[in-house]
Structure formats: C-alpha cells, structure tokens
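Please look at the sequence and the structure shown here before reading on. The briefing below goes from the whole chain to single residues.

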Amino acid sequence: VEIGTWAGGRELALPVGMSAAGPVAIPMSGWALGLAAGLPGMGKTSLLQAMLMGLLRGDGSGRRVQIAVIDVKRADFSGLRNQAVLWAPVARDIEAAGRLLAALRVEMDGRFQTLEREGVDSWESARLAPIVLIADELAVLATDPDLNRDLLYLGRLGRAAGVRVIAATQRPSSRVIPSDLRALADWTVAFSVRSQADSRVILDCGGAERLPRQPGRALLRRDDLSEIQCYYPG
C-alpha cells in the first residue's frame, strides 16, 4: 500500500499499513520499543522508510519530532542527510552506532532531570519533542554486548522520556532478538518467516510462517493480532 494513501492526522503517529478494518497507525505516546522482523525482501525496510515519511509529514522541522537512525547497510536511509528533523547524523557503522546510543542515554538521563525539575512525569508535560531511533539491522548490533545493553536501557526507560526505539532484523532468532528485548516490546510487526519458531520469537505465537510471500504482508501484534498490508514509500 503506497504511503500516499495515508491521510494522517493532527497527532503524530507511525503509519503502518491497511487492515481489513482500515488504516493502521501507532500513536507516538504510550510505548517505548517496537520490533519488526521477517525474511529479506518482504518489506521490512520499506515499512521503516514509510514510518519516517509519515513522521516527516507530521513535522519536518524537528520541533515536534526528531529522528535518529542506525543504518549499517549504508544505503536505505541516505536521503535523510542534512534533514532538520535528524537528532544526530545517521550512524552507518558499529562505532558510530555505539556513539549514537551512548549520546541517547545521556539525552534520556538529562530529560529525566528536566522532568524532576519541572515536577512532571512525562515528556508531553515537559513539552519535549519525542526522539525516534530506528535501528536496522539488529543482527549486526547483536554482536556487540555494549550496544545490546544500551538498546535495553532505552527500551526500559524511554517511555516517560519520549525516546522511542524501533529495532528491525531479517534474522528473527533468539540470538538476535533476546528474550529480555522481546519482553520489552510494546508492538511487533512480523513479515513472512521460515518457521513457526521464528514467528514465536517475534510474536510469541505462530502464524507468520503461514503468511503469503507477498512484500508488505505482515502480522501486527499490539493489543491484539491483526493481518495488515504494510505501507511502502512509493
């Protein structure tokens, strides 16, 4: 489904796709970590790009939302260079990813100090712009225990501070997506996978192994489980 069909709204949200009930989007409030996984070529990176396009539609100035990206494949998010909405330059290797995650930890700790100083309990009350980190590919980051530690830290504490993490991989194994990271996920998108075991890693249930090998077809687990056709950046 081409992202141009998404009407959006006044509130910032991540456009996901179309279900039988209509357009599906994830509001910026109420979550800290999202996961997307599935076989290569099934639409995972297209979905991430469409989510970014939806945020840029909502605000491209960086005043309402800011974006950070780890793109170790070095090509999928090249169009984001010099965008005002970028919180930091796109990280394109492990060393840059480590620096970005460390900087986000410092930023989040500073935001908690702001919340304490102002006597409020959320980033909305403190009028802070949310930061959305997209980490693609998680399998590369999983090789470094320090990066895993920082991702878990952001996933555990980012909700109140307005730091959002979307981690994606084409290798949905328990080694790449450890149980403590899966337990923190507020929503997951599973594209077609090879086995029921892979589906359980992403969704905590089977089903993704039975999806048609059609790019963009996926299962979204949020409050419940629904089949969707994801947006792509047409």
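The structure is a predicted model, and the protein in it has six helices and nine strands. Its radius of gyration is 17 Å, close to the 17 Å that the globule rule gives for 234 residues, so the protein is as compact as a globular protein of that length.

**Overall build**

- Taken along the principal axes, the box filled by the C-alpha atoms of the protein is roughly 50 × 40 × 35 Å.
- Of the 234 residues, 53% count as buried, while the accessible surface of the protein comes to about 10,200 Å², with 48% of that area belonging to carbon and sulfur atoms.
- When contacts between residues at least 6 apart in sequence are considered, 66% of them join residues that are at least 24 apart.

**The aromatic pair**

- The count of aromatic pairs in this model comes to one, and the two rings that form the pair belong to W31 and W187, with their centres 5.5 Å apart.
- The planes of the two rings stand at 70 degrees to each other, and because an angle over 60 counts as edge-to-face, the pair of W31 and W187 is given that name.
- W31 lies in the loop between β2 (22–27) and β3 (33–37), whereas W187 lies in strand β7 (residues 187–191), so the pair ties together parts that are 156 residues apart in sequence.
- Both partners are hidden from the surface by the cut-off of under 20% relative accessible area, since W31 has 3% relative accessibility and counts as buried, and W187 is buried with a relative accessible area of 1%.

**The surroundings of W187**

- Not counting residues up to four places away in sequence, W187 touches L14, I26, W31, L33, G34, L35, M51, I166, L220, R221 and R222.

**V24 in strand β2**

- V24 has its place in strand β2, and with a relative accessible area of 13% this residue is buried.
- Leaving aside neighbours within four places in sequence, V24 is in contact with L14, P15, V16, G17, S19, L220, I228 and Y231.
- The C-alpha atoms of V24 and A190 are separated by 15 Å, and these two residues are 166 residues apart along the chain.

**Residues with a positive phi**

- R127 is not a glycine, and yet R127 has a positive phi of about 60 degrees.
- R127 is found in the loop between α2 (94–118) and β5 (131–136), and at 65% relative accessibility this residue counts as exposed.
- D204 is another residue other than glycine with a positive phi, in this case near 70 degrees.
- The loop between α6 (196–203) and β8 (217–221) is the place of D204, and this residue, at 55% relative accessibility, counts as exposed.

**G4 in the segment before β1**

- G4 is found in the segment before β1 (13–19), and at 43% relative accessibility this glycine counts as partly exposed.
- G4 and G60 are 56 residues apart along the chain, and their C-alpha atoms are separated by 16 Å.

Key: Residues are numbered from 1 along each chain as its sequence is written. This is a predicted model: local features need pLDDT of at least 70, side-chain atom pairs count only at pLDDT 80 or more; totals for chains, interfaces and linings use all residues. Side-chain values use heavy atoms; hydrogens and water are left out. Helices (H or I, at least four residues) and strands (E, at least two) are DSSP runs, numbered from the N terminus. The radius of gyration is taken over C-alpha atoms; the globule rule is 2.2 Å times the number of residues to the power 0.38. Buried means under 20% relative accessible area, exposed over 50%, partly exposed in between (1.4 Å probe, protein chains only). Contact means heavy atoms within 4.5 Å. Accessible areas come from the Shrake-Rupley method with a 1.4 Å probe; for residues, only the protein chains shown count as cover. Rings of Phe, Tyr and Trp (its six-membered ring) pair if their centres lie within 6.5 Å; planes under 30 degrees apart count as stacked, over 60 as edge-to-face and the rest as tilted.
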